[in-house]
Amino acid sequence: MCPYMIAAEQKARVTYDNILRLVKDPEVADPIRFLREREVVHYQRFGEALRVVTDNLDSKNFYAFNPAFDMQKSGDCGCKPVSGAC
């Protein structure tokens, strides 16, 4: 899983925490609490999905795991590496 996806969930949770520190009105705080809890659940589900995928990877699957392909030099295939890609 791309670490940026997890980072986005955690960043949203921290943002909601910061908002909750400032807000005193329950009509505003309650929906923010709900959104915060939702982000926590999303983070947990992403982690669970990552574990399921990594547990079920098959080394015979050419696209999931191929050391020969991974060790190719970028010049061999004619493609250019993308900086910052996951």
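This is a predicted model: local features need pLDDT of at least 70, side-chain atom pairs count only at pLDDT 80 or more; totals for chains, interfaces and linings use all residues.
Visitor: What makes the pairing of Asp17 with Arg36 a salt bridge?

Guide: The closest N and O atoms of Asp17 and Arg36 are 2.4 Å apart, and a salt bridge needs a side-chain nitrogen of Lys or Arg within 4 Å of a carboxyl oxygen of Asp or Glu, so the pair qualifies. It links distant parts of the chain, with Asp17 in helix α1 (residues 3-22) and Arg36 in helix α2 (residues 26-55), 19 residues apart.

Visitor: Why is Arg36 called partly exposed?

Guide: Its relative accessible area is 25%, and partly exposed residues fall between the buried ones, under 20%, and the exposed ones, over 50%; Arg36 therefore belongs to the middle class.

Visitor: What separates Arg33 and Asp30 in helix α2?

Guide: They are separated by about one helical turn, because Arg33 and Asp30 are three residues apart in helix α2. In general, an α-helix has 3.6 residues a turn, so residues three or four places apart point the same way. Arg33 and Asp30 form a salt bridge, with 2.9 Å between the closest N and O atoms. Arg33 is partly exposed at a relative accessible area of 41%, and Asp30, at 45%, also counts as partly exposed.

Visitor: What caps the N-terminal end of α2?

Guide: Asp25 does, since one of its side-chain oxygens lies 3.1 Å from the backbone nitrogen of Glu27, and a polar contact calls for N or O atoms within 3.5 Å.

Visitor: Why is Ala29 called buried?

Guide: The relative accessible area of Ala29 is 4%, and buried means under 20%, so the word applies to Ala29. The buried residues of α2 are Ala29, Ile32, Glu39 and Gly47. Leaving aside residues up to four places away in sequence, Ala29 touches Leu20 and Val23. Ala29 and Tyr16, which are 13 residues apart in sequence, have C-alpha atoms 9.4 Å apart.

Visitor: What makes Arg21 exposed?

Guide: The place of Arg21 is in helix α1, and its relative accessible area is 57%; exposed means over 50%, so Arg21 falls into that class. The side chain of Arg21 is joined to that of Asn18 by a polar contact of 2.4 Å.

Visitor: Why is Val41 called partly exposed?

Guide: Val41, which has its place in helix α2, has a relative accessible area of 36%, and this lies between the limits of 20% and 50%, so Val41 is partly exposed. The C-alpha atoms of Val41 and Glu9, which are 32 residues apart along the chain, are separated by 9.5 Å.

Visitor: How many helices and strands does the chain have?

Guide: It has four helices and zero strands, and from the N terminus on the elements run α-α-α-α. Buried residues make up 12% of the 86 residues in the chain.

Visitor: In which helix is confidence lowest, and in which is it highest?

Guide: Confidence is lowest in helix α4 (residues 74-77), with a mean of 52, and highest in α2, at 89. The chain averages a pLDDT of 75, and 59% of the residues score at least 70.

Definitions and conventions: Residues are numbered from 1 along each chain as its sequence is written. Side-chain values use heavy atoms; hydrogens and water are left out. Helices (H or I, at least four residues) and strands (E, at least two) are DSSP runs, numbered from the N terminus. Buried means under 20% relative accessible area, exposed over 50%, partly exposed in between (1.4 Å probe, protein chains only). pLDDT is the predictor's confidence in each residue, from 0 to 100. A polar contact is a pair of N or O atoms within 3.5 Å; within protein, one must be able to donate a hydrogen and the other to accept it, and residues adjacent in sequence count only if both atoms are side-chain atoms. Contact means heavy atoms within 4.5 Å.
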